[in-house]
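Open the model in your viewer and keep the selection panel at hand. The tour goes from one chain to the other and ends where they touch.

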Amino acid sequence: MNLLWTWLSNPENWQGSSGIPVRVAEHLAYSAATLFLAALVGIPLGLWIGHTGRGRVAVVNLVNGVRSVPTLGLLFAAVLVVGPLLGGDIAFLVPSIFVLVLLAIPPILAGAYAGVEGVDPGARDAARGMGMSSMEILFRVEVPCALPLIFSGLRSAALQVVATATLAASVSLGGLGRFLIDGQAYRDYGQMAGGALLVAVLAVLVDLVFAGVQRLVVSPGLSPIRSARRVRTRAQLAANPT
Amino acid sequence: MISFTDVTKVYLGGTTAVGGLSLTAPTGKITVLVGPSGCGKTTSLRMINRMIEPTSGTIEIDGRDTASLNPNELRRGIGYVIQSGGLFPHRTILDNIATVPLLLGWDRAKARTRAHELLERVGLDPVLGKRYPNQLSGGQQQRVGVARALAADPPVMLMDEPFSAVDPVVREQLQDEFLRLQGDLDKTIVFVTHDIDEAMKLGDQVAVMRVGGVLAQLASPAKLLADPHDDFVADFLGRDRGYRALAFAEAPELPLRDEPVVLLGSTVALAAETAAGDRWVLVVDDAGAPLGWSEPERLSGLIDRDHLHRGGTVARIGGSLRAALDAALSSPSRRGVLVADDGRLVGTVRAQDVLSAIERRPAGAVA
């Protein structure tokens, strides 16, 4: 505890190109790029599966298969294969992001297809019966109704990515993983603990940001808490528990 | 007018859902498709707006073959109401109602005004407009479903068991309001139900279908009850057909008796005096509307609402023979209470007088 506090409160650790703010920024940059790319693949694919009901089994199995590959092993393999083709930091950055994207796709994809698939069939039927085209049904009904689950997929991906982006340091890149790797190398346990704490805090903050955006974007009609009837039922249950 | 000509729907695997259906749903009338599950009634309905494509045969709306139209444009011109309501949970009630007008490219303000108007039209409080579907009861959601289907004022409405998911009391209310609404709007409606009583109540004509999508009989409710085409139709219609048929026969002028009445809150002594030896005396309110029967000899003090016998039904003058007969049969005094359109008591009638009116109708008469 003391070591942790000593490390965190040392002003030197908060300055320079290897200080905490820079590492946090690097970490966020890796995570953001990863989530962006994963969402670019996972969301459209998930929406397509959910909307058409096609390819579900194939894609879901494939994605779960990828999930079971150990991330660290995959990272080293990717660096070995891709690294020589590229130069400098890029040789490590591309494989790192690639591996993180593979990690982030499954929850995002699952959220998107489960969200669309779970839309009330009555609402979908009514939309079609009122003359909406397939794309109108997708974007005016299915996607807005799927948003809560799309967000939950993104949030769980974000948590995993922020935690796992520490791996980038193991192939000589920056980010908060540096403190873990370097701390271990120098047996500086304060630094290791500090790095771990920062990762945890960052993950929570990122999740809070997503939660805030979710509140703004998701229709209040989809949140069960706002239901007057259910609130009343709960109040009644509280009043006379049976 | 919607006409089916030899329409067949065979699903992959060879199940025939609809087999050679030919029928016409006249303009401005309610045509009810009724039958047991698997009779193809919903399939038939959904072929009208091409949610399901027929295997063969043609369906025309006002002479235009639906197969020649763009399906989405066709559907935007047809109101569609389904059993589960199918409201969009993420949109407010007003936005739900405004869906089709917005699809048709109306401007927002006009669509919202129209949505407001319809909210009131279907008997909902305007404050509900800003709520979301999950904040409404099942009956309210169904009303919104009807309002949404009416939004762009389509000449044709398709309704797939719209009232089956709500409880019987609410269902009856919705049916009555639906009939009142249709009285103003004169839409061409095709209505699917498995409930024969609902079919009889709502249909101008009723198509009874049997399993395999074959039309068993198409007729007015009165004609169906009086003259079922075969055993299947007769069984499906159920018991009490003679009695139920009276619902479609307007009562002729019945010999009314003046009924001595007392006001609610009168003394029991006054009631007993008014009854003049009879066991039962009718209690009315200040406006002259009957409230119920009271039995003075078993009471003391003042007559209040809790003491009234409420078993008797009340029939409207000019209503059906069934209502008049039922009023007489259900009354504890055996005198059926008849009221005017404004609810005021007009007089009472005995079952034997209603029966003689029934007897006087020509034999085999239908409605």
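Helix axes here are lines fitted to C-alpha atoms over the stretch in contact, and angles run from 0 to 180 degrees between N-to-C directions. Bear in mind throughout that this is a predicted model.

**Stop 1: chain A**

You will find 10 helices and zero strands. Read along the sequence, the pattern is α-α-α-α-α-α-α-α-α-α. The C-alpha trace of chain A spans about 65 × 55 × 30 Å along its principal axes. Colour by burial next: 37% of the 242 residues of chain A count as buried. Now turn to contacts in chain A between residues at least 6 apart in sequence. Of these, 71% join residues at least 24 apart.

**Stop 2: a helix pair in chain A**

Select residues 56–67 of chain A, helix H3, and residues 90–117, helix H5. Their axes come within 9 Å and cross at roughly 150°. Angles over 145 degrees count as roughly antiparallel, so H3(A) is roughly antiparallel to H5(A). The crossing of the two helices is left-handed.

Show side chains at the contact. From H3(A), pick A:Arg56, A:Val63, A:Asn64, A:Val66 and A:Arg67. They meet A:Leu102, A:Ile105, A:Pro106, A:Leu109 and A:Tyr113 in H5(A). By class, this contact has seven nonpolar, one polar and two charged residues.

**Stop 3: the sheet in chain B**

Move to chain B. Which order do the six strands of the open sheet take? It is S6-S7-S8-S3-S9-S10, with mixed pairing. Strand S6 (78–82) and strand S10 (214–219) of chain B each have a single partner strand, so one side of each is left without a neighbour in the sheet. Neighbouring strands are turned by 15° against each other on average, direction ignored.

Zoom in on S10(B). Strand S9 (residues 205–210) of chain B pairs with S10(B) in the antiparallel sense, over five bridges.

Select helix H6, residues 138–150 of chain B. H6(B) lies across S6 and strand S7 (156–160) of chain B, and runs at about 165° to S6(B).

**Stop 4: where the chains touch**

Show both chains. The contact takes 23 residues from chain B and 21 residues from chain A. On the chain B side, select helix H2 (71–76), S6 and helix H4 (99–103); each supplies at least two residues. H2(B) gives the largest share, four residues. By class, the side of chain B that touches chain A has 10 nonpolar, nine polar and four charged residues.

Definitions and conventions. Residues numbered from 1 in each chain as written. Chains lettered and ligands numbered in written order. Predicted model: local features only at pLDDT ≥ 70, side-chain atom pairs only at ≥ 80, totals over all residues. Pairing = 2+ DSSP bridges. Contact = placed C-beta atoms within 7 Å. Parallel < 35°, antiparallel > 145°, perpendicular 65-115°, else oblique. Left-handed = near helix turned anticlockwise from the far one by under 90°. Nonpolar A, V, L, I, M, F, W, Y, C, P; charged D, E, K, R; others polar. Buried ≥ 20, exposed ≤ 12 C-beta atoms within 10 Å, placed from the backbone.
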